[in-house]
Amino acid sequence: MSEPSNRFQADVIVVGAGSAGSVVARRLLDAGASVLLVEAGPGGQRFPAVDDPTRMHELWDSPLDWGYRTVPQEHAHGRRLHLPRGRAVGGSHNLNAMIWVRGNPADYDDWAARGNPGWTWKDVRPVFDRIEAVDSAQEEQEGQEGPLHILTGYEPSPAHRSIVEAAQQAGLPFNPDYNGASQDGVSFMQFTIREHRRWTTADAYLEPILGSEGFTLVTGAVVHRLLFEGERCVGVEWEREGVLEHGLAGQEVVLSAGAIGSPEILMRSGVGDAADLRSHGIAVRADLPGVGRNLQDHWLVPVIVATGRPIPPSHGLPHTQSHLFWRSHPDLPVPDLQPLHFDAPLYERWMEGPPDGVSLMAGLVRPASHGVIRLSGPSPSDPLLIDPRVLSRHADVTALAAAVRLCQEIAAAPALREEWDAYELYPGSLADSTEGLHAYIRETVITYHHQSGTCRMGVDDQAVVDARLRVRGVEGLRVADASIMPTVTTGNTNAPAIMIAEKAAEFMTQPV
Ligand SMILES: Cc1cc2nc3c(=O)[nH]c(=O)nc-3n(C[C@H](O)[C@H](O)[C@H](O)COP(=O)(O)OP(=O)(O)OC[C@H]3O[C@@H](n4cnc5c(N)ncnc54)[C@H](O)[C@@H]3O)c2cc1C
């Protein structure tokens with residue numbers, strides 16, 4: 001590898017052009033700063049499988065996926081789980097199912113109660129309002145004209161209509177707007193889709209500023225480390241086409257490399273657990289033991305239902321269009337389950353069955369098991385050790401068991417059984433006993449793709465950033481992405497990551 005050559009300069013450098021980074025870059029440019037945005041993946045071209053909401057399954061393990069694998073999961077039969085993450089301008093918003101969920105108000109009130117002023121639901125709700133442009137005539141959301149188009153009020157596929165009816169027959173209330181007053185019940189999803197095309201923050205926030213004075217986007221550039229002068233972060237070093245390059249920031253560097261990328265870059269730069277870093281021969285810049293810890297995620301277990309009738313294809317809409325929020329115990333204050341449904345049978349490799357069917361994915365969204373991301377060595381080519389410790393807390397197994405039982409009830413309800421000749425294939429008899437069900441859960445659990453929490457915001461010794469997202473122990477450096485969540489939100493994490501980015505830009509442009 002050659003010595004650093006090309007040098008870039010800007011007021012602010014943002015690392016990662018994903019859901020959050022695209023927003024930070026745009027808002028800072030609008031506020032008058034010059035911005036350099038550095039992204040590992042490609043930009044400047046459209047990918048048909050990204051644009052088409054029905055083709056997201058083609059993107060896994062493609063060049064647009066970082067394709068992470070966990071270490072063998074002790075409590076999931078030793079399996080290594082695939083964690084897809086977007087690697088392109090648009091980040092994981094390119095790979096995701098486009099589902100738009102703000103989260104539960106209690107999530108944000110809890111963040112604030114942990115010593116993070118400015119993050120209550122009352123604080124963040126107006127931020128969501130100004131992000132969204134709701135493509136529907138829903139009166140309660142009138143006046144929302146933000147950059148990000150949210151599709152609601154579309155005609156769902158017949159299979160999803162039946163699943164929603166079956167859930168109601170199983171006792172769940174219909175909720176027309178889970179982003180409204182209450183999350184509970186079964187709903188049709190809201191999507192970041194515009195005119196039948198995926199609509200990412202790169203489309204909404206970045207596309208309009210490409211070529212603008214003061215804005216530089218560098219793609220194909222894998223950031224290796226941050227550059228420091230004393231305690232101050234002054235720039236970023238990356239590799240592009242085998243050449244090391246660097247950029248210098250006059251004001252600040254913002255890490256928006258996501259819940260896996262941001263802690264990795266911090267650790268490679270000497271910001272992390274001092275003993276761990278020293279064991280890899282990395283000079284310690286700041287001893288922040290919380291970097292990479294508190295890895296939180298959501299988890300899914302499939303309930304696969306074959307249908308005697310073919311499922312008609314959905315055009316311009318994802319295969320998932322309905323979901324529900326529910327509680328594994330009625331006395332829980334907030335839903336801990338979020339099963340989501342697909343109008344296709346999502347067989348695991350060892351499963352077999354007919355081509356027509358639906359999948360009711362039993363989902364856990366308030367997990368007790370937390371994990372850790374570590375380096376395996378000092379070089380950027382040394383793979384990360386990603387250990388979510390899935391199902392290490394038994395409470396997660398019992399909550400998922402309740403979710404599976406609920407999905408089985410829905411599968412057996414008349415709207416599916418009678419209208420579609422539906423019958424449950426998996427877990428089927430594998431879950432006749434509680435032990436059998438628990439074993440099935442450990443055999444089939446997969447990520448719901450909501451990794452977060454690895455650069456946690458807070459005030460204690462394990463906190464990585466403060467309530468204004470500044471990295472503790474150094475200057476000129478913030479983190480703005482899903483990694484700063486103290487606890488993962490109740491629901492999908494794209495909307496919260498985008499809200500976090502808006503808040504970060506606010507902190508940077510409106511200093512106290
Ligand atoms: C398959 C899948 C399905 C999902 N479905 C949904 C859904 O339907 N709804 C929902 O709300 N959420 C969903 N999510 C989660 C959601 O997309 C993420 O929570 C959100 O995109 C996180 O945003 P972020 O900005 O934190 O990270 P990202 O969007 O992942 O952005 C990080 C960016 O940083 C870049 N980067 C990382 N490391 C480096 C480096 N060293 N150098 C340079 N660049 C780097 C990456 O390439 C990427 O572009 C899904 C995620 C996946 C993967």
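Visitor: How far apart are the end C-alpha atoms of α12, and what should its 16 residues span?
Guide: This is a predicted model, in which local features need pLDDT of at least 70, side-chain atom pairs count only at pLDDT 80 or more, and totals for chains, interfaces and linings use all residues. Residues are numbered from 1 along each chain as its sequence is written. The end C-alpha atoms of α12 are 23 Å apart, which agrees with the 22 Å that its 16 residues should span at 1.5 Å a residue. That expected span is 1.5 Å times one less than the number of residues. Helices (H or I, at least four residues) and strands (E, at least two) are DSSP runs, numbered from the N terminus.

Visitor: How many residues of α12 are buried?
Guide: 13 of the 16 are buried, so α12 is largely enclosed by the rest of the structure. A residue is buried if 20 or more other C-beta atoms, placed from the backbone, lie within 10 Å of its own, exposed if 12 or fewer, and partly exposed in between.

Visitor: And for the protein chain, what percentage counts as buried?
Guide: Of its 512 residues, 54% count as buried. The protein chain has twelve helices and 24 strands. Its radius of gyration, 22 Å, is close to the 24 Å of the globule rule, so the chain is as compact as a globular protein of that length. The radius is taken over C-alpha atoms, and the rule is 2.2 Å times the number of residues to the power 0.38.

Visitor: Turning to the ligand, which residues come nearest?
Guide: Of the 41 residues around the ligand, G16, G18, G91, G261 and N494 come nearest; a residue counts as near if its C-beta atom, placed from the backbone, lies within 6 Å. Elements giving two or more residues to this shell are α1 (19-30), β11 (221-229), α7 (258-268) and α12 (494-509).

Visitor: Which of them gives the most?
Guide: α7 does, with four residues.

Visitor: Where is Y448?
Guide: Y448 is in the loop between β23 (446-447) and β24 (477-479). An unreviewed UniProt entry annotates Y448 as "binding site", in the numbering used here; feature names are shortened, and annotations may be inferred rather than shown by experiment.

Visitor: Is Y448 buried or exposed?
Guide: Y448 counts as buried, because it has 22 C-beta neighbours inside 10 Å.
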